[in-house]
2 protein chains.
Amino acid sequence: MVKKLIEGIKRTEAPIVVGLDPKVDFVPKRLLDKAIAEHGESAEAVAQAFFEFNKEIVDNIYDLVPAVKPQIAMYEQFGIPGLIAFKKTVDYCHEKGLIVIGDVKRGDIGSTSESYALAHLGGTQVGNTLVNGFDEDFATVNPYLGSDGVKPFIDVCNKFDKGIFVLVKTSNPSSGELQDKIADGKPLYETVGALVEEWGQASMDGAYSNVGAVVGATYPEQGKILRDIMPHAFILVPGYGAQGGKGSDLVHFFDKDGLGAIVNSSRGIIAAWKNEKYGDPSKELLGDAARKAVIDMKEDINGALGR
Amino acid sequence: MVKKLIEGIKRTEAPIVVGLDPKVDFVPKRLLDKAIAEHGESAEAVAQAFFEFNKEIVDNIYDLVPAVKPQIAMYEQFGIPGLIAFKKTVDYCHEKGLIVIGDVKRGDIGSTSESYALAHLGGTQVGNTLVNGFDEDFATVNPYLGSDGVKPFIDVCNKFDKGIFVLVKTSNPSSGELQDKIADGKPLYETVGALVEEWGQASMDGAYSNVGAVVGATYPEQGKILRDIMPHAFILVPGYGAQGGKGSDLVHFFDKDGLGAIVNSSRGIIAAWKNEKYGDPSKELLGDAARKAVIDMKEDINGALGR
């Protein structure tokens with residue numbers, strides 16, 4: 001699957017993934033009012049508004065980027081109706097030719113991780129029928145339980161040609177509390193990075209493996225070190241834009257060919273219509289503003305990479 | 001919420017939680033055949049069978065134990081229908097007076113953790129209506145992202161009187177790969193244990209806090225140390241039974257009053273009907289075998305605790 005992601009990045013010239021992380025505050029009033037008129041003040045209304053919100057964004061950016069990354073927590077917050085909107089979003093993005101990175105941060109003991117992997121990346125045989133769960137292309141995975149929590153994901157990746165991004169150094173302010181602890185003479189994120197490189201040997205797919213890593217744009221120095229420790233791991237980089245990361249911070253996450261990393265932006269794109277830079281907020285130009293924000297981000301990152 | 005859990009443990013004299021982690025292999029043929037006859041070979045069939053399976057177990061054990069712990073991965077594996085069965089299970093257990101520990105192992109950066117917390121333990125205001133997600137009583141939380149990934153859960157616990165169990169030392173064989181790394185002169189799980197104790201100060205509820213810890217029965221020595229490091233954290237203990245933990249391993253997880261811990265068993269109870277010890281497997285005595293297995297577990301643990 002990482003080969004397909006790289007093809008998409010080359011085709012669009014955009015190492016960019018758009019985070020589809022809807023919040024009620026980001027949804028234009030016209031969409032929310034319509035949904036509440038149809039479903040009342042309910043999870044069903046929010047779910048409908050979230051899907052319409054995503055659809056309008058995707059319709060305006062699907063030709064510019066290779067991938068989207070819906071954050072499942074935003075949908076899970078609204079229970080079953082929310083998760084139906086998540087699944088509809090995954091399917092709609094697939095229809096538009098986008099690769100879908102499920103930002104699910106799952107991870108458990110072996111047999112349970114297998115269930116999560118089948119839920120998000122595979123399917124389960126029921127009699128003679130293969131039953132899919134959410135069917136994303138990549139999932140994010142939490143490594144705190146060690147190899148036996150991660151390997152079931154890799155087995156499923158190999159069976160269904162999918163991929164994962166393992167949390168190595170996350171973008172949030174307190175990520176260092178555990179991830180930066182020095183053990184065996186190096187920070188824990190380096191140990192996890194070395195494990196990612198090792199795990200990836202079992203799932204090579206061209207120059208990179210299907211086992212990637214999450215490293216926050218907010219930690220550029222660590223990104224540089226991790227790029228060296230994990231030569232075969234594609235890096236998913238959150239934290240660009242609203243969280244503070246800039247194009248110039250990202251240079252060392254990429255390899256010498258300008259590949260090896262894909263940068264996520266959520267709020268900076270999906271809430272761009274609320275930013276006067278992209279037009280009068282009262283006009284609620286959701287799709288148009290998202291498109292302009294993606295083009296700006298692409299210029300920022302490609303400029304920093306000298307192309 | 002931990003006060004309510006302790007009351008339940010005292011009432012039933014059982015520091016036991018039953019893990020409702022259905023797998024197709026555990027479901028008696030009569031339930032699976034009926035579901036497939038009604039829904040074909042589909043996720044809907046598995047979901048119906050899982051709910052009927054859980055219901056038969058719960059109907060036979062709800063008077064013996066204070067709590068159940070459904071593992072959401074088992075349901076998520078079957079997509080939306082699976083998660084509908086999860087939610088029906090939560091609601092049915094509440095009807096029967098049981099406390100529900102959602103074994104969801106969520107955790108993310110701050111704003112996203114808030115969504116997960118609201119999804120599982122709280123609710124979201126939509127206009128004038130409070131919309132609930134899954135509405136468990138406790139949730140398990142992964143600490144790899146540090147304080148700002150955990151604190152939103154604590155805020156929601158305080159607002160809705162709920163609780164969490166933070167992963168400290170998990171029961172699986174490779175849990176030591178990261179959790180046992182020595183940093184600052186001690187294993188990482190001790191650092192996480194100290195954080196759990198610190199976080200819990202913001203959510204005291206009687207002698208214990210609503211911020212508990214997960215420590216595997218398979219690591220009794222570590223359980224003893226962690227009991228001392230976290231005097232206000234209730235310990236959720238997985239790994240009893242099928243994973244290898246015995247009653248005698250558990251003594252040091254408890255405080256001097258025989259409280260402070262609750263032990264989970266999943267397979268040993270929900271698949272007891274497949275064990276000849278509890279009757280002829282061909283008779284598929286699901287509920288009856290589960291009841292007998294709970295009574296055996298209660299005797300084993302209370303015996304080890306000298307009561």
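## Two packed helices in chain A

In this predicted model, helix α6 (residues 110-121) and helix α7 (residues 147-160) of chain A pack against each other at an angle of about 35 degrees, and their axes lie 8 Å apart. The crossing in which α6(A) passes α7(A) is right-handed. On the side of α6(A), the contact is made by Gly110(A), Ser113(A), Glu114(A), Tyr116(A), Ala117(A), Leu118(A) and Leu121(A), while α7(A) contributes Asp148(A), Gly149(A), Pro152(A), Phe153(A), Val156(A), Cys157(A) and Phe160(A). Sorted by class, the residues of this contact are 9 nonpolar, 3 polar and 2 charged.

## Helices with a buried side

Helix α2 of chain A, which covers residues 29-39, has three residues that are buried, namely Leu31(A), Leu32(A) and Ala35(A). These residues are on the same side of α2(A), because the arc that they cover around the axis is only 95 degrees. On the other side of the helix, Lys29(A) and Ala37(A) are exposed. Among the elements that cover the buried residues of α2(A) are α3 (43-61) and α12 (286-304) of chain A. Just after the end of α2(A) comes Gly40(A), which takes a positive phi of about 70 degrees.

## Buried residues in chain B

Where in chain B is Pro66(B) found? Pro66(B) sits in the loop between α3 (43-61) and β2 (67-68) of chain B, and it counts as buried because its relative accessibility is 2%, where the cut-off for buried is under 20%. Although Pro66(B) and Leu5(B) are 61 residues apart along the chain, their C-alpha atoms are separated by 6.9 Å. When its neighbours within four places in sequence are left aside, Pro66(B) is in contact with Gly8(B), Ile9(B), Thr12(B), Ala14(B), Ile16(B), Leu98(B), Ile99(B) and Ile262(B).

Asp103(B) belongs to strand β3 (residues 99-106) of chain B, and with a relative accessible area of 5% this residue is buried. The side chain of Asp103(B) takes part in a polar contact of 3.3 Å with the side chain of Gln71(B), and in another polar contact, of 2.7 Å, with the side chain of Thr140(B). Beyond its neighbours within four places in sequence, Asp103(B) is in contact with Lys69(B), Pro70(B), Gln71(B), Ile72(B) and Thr140(B), and also with Tyr116(A) of the other chain named here. Tyr116(A) is also one of the residues by which α6(A) makes its contact with α7(A).

Ala139(B) is placed in strand β6 (residues 138-141) of chain B, and its relative accessible area of 0% makes it buried. The C-alpha atoms of Ala139(B) and Ile164(B) are separated by 4.9 Å, with the two residues 25 places apart along the chain. Apart from neighbours within four places in sequence, the residues in contact with Ala139(B) are Gly102(B), Val104(B), His120(B), Leu121(B), Gly163(B), Ile164(B) and Phe165(B).

## Loop residues in chain A

Which phi value does Glu13(A) have? Its phi is near 55 degrees, which is a positive value in a residue other than glycine. Glu13(A) lies in the loop between α1 (2-12) and β1 (16-20) of chain A, and it is exposed, with a relative accessible area of 56%. Asp184(A) likewise is a residue other than glycine with a positive phi, near 55 degrees. The place of Asp184(A) is the loop between β8 (182-183) and β9 (186-187) of chain A, and at 56% relative accessibility this residue counts as exposed.

Is Ala242(A), at 47% relative accessibility, buried, partly exposed or exposed? Ala242(A) counts as partly exposed, since the cut-off for exposed is over 50% and that for buried is under 20%. This residue is found in the loop between β13 and β14 (261-265) of chain A. The C-alpha atoms of Ala242(A) and Gly268(A) are separated by 5.9 Å, while the two residues stand 26 residues apart along the chain.

Conventions. Residues numbered from 1 in each chain as written. Chains lettered and ligands numbered in written order. Predicted model: local features only at pLDDT ≥ 70, side-chain atom pairs only at ≥ 80, totals over all residues. Heavy atoms only, no water. Axes fitted to C-alpha atoms, helices over the stretch in contact; angles between N-to-C directions. Helix = DSSP H or I, 4+ residues; strand = E, 2+ residues; numbered from the N terminus. Left-handed = near helix turned anticlockwise from the far one by under 90°. Contact = heavy atoms within 4.5 Å. Nonpolar A, V, L, I, M, F, W, Y, C, P; charged D, E, K, R; others polar. Buried < 20%, exposed > 50% of the residue type's maximum accessible area, 1.4 Å probe, protein only. Arc of directions from axis to C-beta. Polar contact = N/O pair within 3.5 Å; in protein donor to acceptor, adjacent residues only side chain to side chain.
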